[in-house]
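Please keep the sequence and the model in view while reading.

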Amino acid sequence: MCGIVGEINLKNAIKREIISEMSRMLTPRGPDADGLYEGDCAVLAHRRLIVIDPENGKQPMRFGRFVLVYNGELYNTEDLRVDLIQKGYEFEGHSDTEVVLKSFAEYGERCVELFNGIFAFAVWDEYEHRLFFARDRIGVKPLFYAEINGGLVFASEIKALLRHPQIQPILTEEGAAEIMLMGPARIRGSGVFRDIKDLPAAHFGYFDENGLRIKEYWKVMAKLHSESFEETAEHTRELLFDAIRRQLVSDVPLCTFLSGGLDSSIISAVAAEEFQKRGEILHTYSIDYHQNHQNFHASLFQPDEDAPYVEQMAKFIKSEHTNVLLDTPQLADALNDSVYARDLPGMADVDSSLYLFCGEIKKKFTVALSGECADETEHTCLHPLIQCGFVRICFTPSVVLDKR
């Protein structure tokens, strides 16, 4: 998980120190490195969590007339790299960042249709004085923006945008209703605060002398299912296993969540098998609560405890397992911090549990695969706190309610 921020203004001067301060707010997203690009009409900044190619993945990254800031992960990096090499491109390293940048140089806006992954990125064209920015199909990676003073400001988090002196934390009645009635979900495109918008999933945009233009590039399409049960099962297995294996690429330590449920058990089993092929042992993590066994009561929502299934799966896949035990006072004490991490109110003790759980994992691992909330819609529950297992701990300014 990384953080990106930038401002484009073709008419008025951009203050570098403001962008630097906005970038500083994203340090928990990218504690390993930072960089800044300053052009005639654009200032871009990046905060990096190093996962792939520490030396050659530095950002902002430049190629010819294009400058990129990118937060994400491509799972078809090597396929795209081979294609670009055949077209005459050369590569200095093996990061997906370089592949994203040169894919844009080759294909322009069509590059997003080729990407298999999760991403939010912006590319500044120095010749055309035009910004291109885009977000992945499901909206896993966040990207917020605001139009101010004849320009455009964008960032990975709301709290970073709120460090800009021209963006005020004014909450509209609609935004308050989203928090109170829909939370943690939001209306598509809403940044809750009056001046802030959320680039919708599967959309890209341009900003230049003609203003801002947003376009949808992908949507889910309903089609008649023609496969047999056996074909469907095999196809699903093929897609699932391929997705898991593609996400095991990392230059830093990687582990998995293991709750004993179907989603995390499948992910951990496939990962463990791949680790064993390399002569390595997969580390798995689960969460439990003080005196949960003594106080557990079965219900339709939770008919069984997780712990027995966790133990069976860890033993079956031969993983090195760690159980993180939390107590109620800890959860209560972490509520404020988990809200700060989200930028907005979320799911109370669920958020503080994830916050504390990820904090323990981060002591040894940078990346974790998880089936957490696989049955939830889009990214409404999980991604603000944990994206691919990365911990995010931040703070947000106070809020003013706008009654207009």
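Is Arg-194 buried, partly exposed or exposed? With a relative accessible area of 36%, Arg-194 is partly exposed, where buried means under 20% relative accessible area, exposed over 50%, and partly exposed in between, using a 1.4 Å probe and protein chains only.

## Basis of the model

The model is predicted, so that local features need pLDDT of at least 70 and side-chain atom pairs count only at pLDDT 80 or more, while totals for chains, interfaces and linings use all residues. Residues are numbered from 1 along each chain as its sequence is written, and side-chain values use heavy atoms, with hydrogens and water left out.

## Salt bridges

The whole structure contains 26 salt bridges, each defined by a side-chain nitrogen of Lys or Arg within 4 Å of a carboxyl oxygen of Asp or Glu. In one of them Arg-194 pairs with Asp-195 at an N to O distance of 3.3 Å, and Asp-195, at 26% relative accessibility, is partly exposed. A network of salt bridges links Arg-29, Glu-157, Lys-159 and Asp-343.

Another salt bridge joins Glu-38 to Arg-16, with the closest N and O atoms 3.1 Å apart. This pair links distant parts of the chain, 22 residues apart, since Glu-38 belongs to strand S2 (residues 33–38) and Arg-16 to helix H1 (residues 16–24); helices (H or I, at least four residues) and strands (E, at least two) are DSSP runs numbered from the N terminus. Glu-38 is partly exposed at 42% relative accessibility, and Arg-16 is partly exposed with a relative accessible area of 42%. Strand S2 also holds Asp-34, which lies 13 residues from Arg-47 of strand S3 (residues 42–48); these two form a salt bridge whose closest N and O atoms are 4.0 Å apart. Here Arg-47 is buried, at 14% relative accessible area, whereas Asp-34 is exposed, at 53%.

## Nonpolar cores

A nonpolar core is a set of buried Ala, Val, Leu, Ile, Met, Phe, Trp, Tyr and Cys residues joined through side-chain atoms within 4.5 Å. The largest has 26 residues, of which Leu-74, Val-112, Phe-115, Phe-119, Phe-121 and Phe-132 touch the most other members. Elements that each supply at least two residues of this core include strand S5 (66–74), helix H3 (96–107) and strand S12 (203–208), and H3 gives the largest share, five residues.

Leaving aside neighbours within four places in sequence, Val-112 is in contact (heavy atoms within 4.5 Å) with Phe-119, Phe-121, Phe-132, Ala-134, Arg-137, Phe-204 and Tyr-217. Apart from this core lies another, of 24 residues, among them Ile-14, Met-25, Ala-45 and Ala-146.
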